[in-house]
Amino acid sequence: MDISPSHNQSIEDLDRQNMFHPFTNPRQHTETGPRIMVEGKGVRLTDNRGNELIDALAGLWCVNVGYGRQEIVDAIAEQAARLPYYHSFASMGTEPGIHTADTVRRMAPGNMARVLFGCSGSDANDTQVKLVWYYNNLKGRPQKKKIIARDRAYHGVTVASGSLTGLPSVHNAFDLPAIPVVRVRCPHLYHEGLPGESEEAFADRLAAELDAAIEAEGPETVAAFIAEPVMGAGGVVVPPKGYFAKVQAVLKKHDVLFIADEVICGFGRLGTPFGCDYFGIEPDLVSVAKGITSGYQPLSAVLIGETVWQTIHDDSDHLGLFGHGYTYTAHPIACAAANANLAIMEREGLFQNAATVGAYFHRRLREELGGHPNVGEIRGVGLIAGVELVKAREPRRNFVPSAGIGKTFTTRALARGLIMRPMAHDAIAMSPPLILTEADADEIVGRFAETLRELEPMMAQAEGE
Ligand SMILES: Cc1ncc(COP(=O)(O)O)c(C=O)c1O
């Protein structure tokens with residue numbers, strides 16, 4: 001068999017013939033083909049046709065330190081040369097993972113006791129489900145197994161994490177949810193608020209609904225609540241003031257664990273080390289991925305709080321070993337990348353930069369776009385932002401989904417060299433690298449505003465809901 005690269009076809013055709021792209025319409029992809037990136041530096045990417053693009057999404061919300069960091073590249077190369085792989089089953093280990101665990105555990109919110117590594121945010125949340133089940137089995141409460149998750153949440157796509165995700169496209173035609181999930185309302189005042197309702201009143205209502213949902217299911221059957229501090233893929237949703245304090249009080253009352261999904265918010269996205277720090281959340285369990293390596297290597301982790309850990313440590317002896325883990329748990333190259341990445345974040349004060357440049361970015365978004373008749377809401381914290389495009393502002397009228405406004409908007413922005421992602425309700429998501437400067441922020445806002453002007457005729461024609 002000839003395994004040398006095929007050079008008689010374009011790279012685009014080879015892609016079309018071989019690749020199955022995630023979150024892509026297969027038929028459309030066959031027609032339009034791929035966009036292929038070849039290089040990155042700072043907040044900018046270059047594609048194989050030589051176009052330079054500003055990556056206002058940091059890959060998929062993950063390249064926190066930006067592209068082209070030689071320090072991380074060197075750490076990866078050195079570890080690969082010294083010891084590319086060894087596992088961590090049966091008390092084995094390698095040095096980089098132990099250091100990553102130590103750093104991340106000390107940085108983490110709440111009272112975290114141990115770190116268990118994986119390779120993706122999805123597998124981290126799958127592990128969380130299994131840990132919560134394991135914990136309640138150890139505690140002699142085998143019926144306490146249901147997980148509460150919110151509408152529009154994104155927790156991944158594997159069988160368990162996809163079940164926790166609250167987006168129809170992840171469920172439809174995949175027979176999900178496949179685990180016992182209790183769905184509660186998305187904490188988005190703009191969509192879910194009653195006429196004239198204040199943030200505080202909305203938060204009270206959400207907490208009362210959560211309480212009622214747990215009572216209806218039976219608290220003895222409800223194990224955990226999972227939440228992103230700020231929702232990302234659901235459309236960048238910042239909860240109303242006081243929400244998490246009220247939610248935590250309800251969970252405590254019913255002895256329900258809090259799983260913080262910090263896959264996007266962790267490592268500085270909101271201008272604080274973790275999203276939990278921003279909102280005063282005291283989690284029992286935390287999932288991290290993405291920013292832990294800034295995407296230079298695949299790595300995720302589950303942080304296990306003291307309460308759960310004590311039970312696992314003290315009460316599982318009769319089971320022998322803990323029967324879970326991956327070939328690549330604590331992969332030494334991924335952890336070497338994490339260690340170099342976390343050192344850069346600390347040395348360059350990137351969490352603080354996310355707070356200060358983030359505040360500037362949000363101010364500029366509001367100044368430039370806030371008055372536009374098709375901009376319904378500008379939302380976010382630190383360096384995560386969502387701009388929702390609407391047919392009419394007061395009262396809010398979204399576009400019909402079939403108009404495809406969000407998708408057209410991001411396609412036109414891409415033609416202007418700006419990468420963003422369309423989310424539900426035509427919310428345009430941005431989550432740039434944490435090294436963003438004010439000048440970069442101005443460029444993003446400028447290209448966004450130009451795209452908005454270009455699409456005015458289309459938005460005038462498109463139908464509203
Ligand atoms: C909050 C959150 N959790 C989990 C995931 C899943 O991570 P992965 O795509 O690495 O499986 C994502 C991915 O975007 C995410 O945003």
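Analyst: Start with Thr46, which sits opposite Glu52 of strand 3. Strands here are DSSP runs of E with at least two residues, helices are H or I runs of at least four, and both are numbered from the N terminus. Pairing asks for at least two DSSP bridges between two strands. Before going on, note that this is a predicted model: local features need pLDDT of at least 70, side-chain atom pairs count only at pLDDT 80 or more, and totals for chains, interfaces and linings use all residues. Numbering runs from 1 along each chain as its sequence is written.

Back at the hairpin, 4 residues lie between strand 2 and strand 3, and Gly50 has a positive phi near 90°. Strand 3 also has a parallel partner, strand 13 (residues 418–419), with 2 bridges. There, Asp55 is bridged to Ile419.

Now zoom out. The domain assignment (bounds come from an automatic or database source) gives domain 1 as 35–65 + 349–461 and domain 2 as 71–347. Their centres, over C-alpha atoms, are 27 Å apart. The contact between them uses 28 residues of domain 1 and 25 residues of domain 2, where contact means C-beta atoms, placed from the backbone, within 7 Å. On the domain 1 side, at least two residues come from each of several elements, including helix 3 (58–61), strand 11 (375–381) and helix 15 (350–369). Helix 15 gives the most, with 5 residues. By class, that side has 17 nonpolar, 8 polar and 3 charged residues. The nonpolar class is Ala, Val, Leu, Ile, Met, Phe, Trp, Tyr, Cys and Pro, the charged one is Asp, Glu, Lys and Arg, and the others, Gly among them, are polar.

Next, the open sheet: 7 strands with mixed pairing, in the order 4-10-9-8-7-5-6. Strand 4 (112–118) and strand 6 (181–184) are at the edges with a single partner strand each, so one side of each has no neighbour in the sheet. Neighbouring strands are turned by 20° against each other on average, direction ignored. Helix 5 (residues 95–107) packs on this sheet, touching strands 4, 9 and 10, and its direction makes about 135° with that of strand 4. Helix 10 (residues 199–217) also packs on the sheet, touching strands 5, 6 and 7, at about 155° to strand 6. The axes behind such angles are lines fitted to C-alpha atoms, for helices over the stretch in contact, and angles run from 0 to 180 degrees between N-to-C directions.

Finally, the core. The largest nonpolar core has 130 residues, with Ala301 and Leu303 making the most contacts inside it. Such a core is a set of buried Ala, Val, Leu, Ile, Met, Phe, Trp, Tyr and Cys residues joined through C-beta atoms within 7 Å. Buried means 20 or more other C-beta atoms within 10 Å, exposed 12 or fewer, partly exposed in between, with C-beta atoms placed from the backbone. Helix 14 (residues 332–347) gives this core the most, 9 residues, and the core draws at least three residues from each of domain 1 and domain 2. Leaving out residues up to four places away in sequence, Leu303 touches several residues, among them Val104, Met112 and Val286.

Definitions and conventions:
Two residues are in contact if their C-beta atoms, placed from the backbone, lie within 7 Å.
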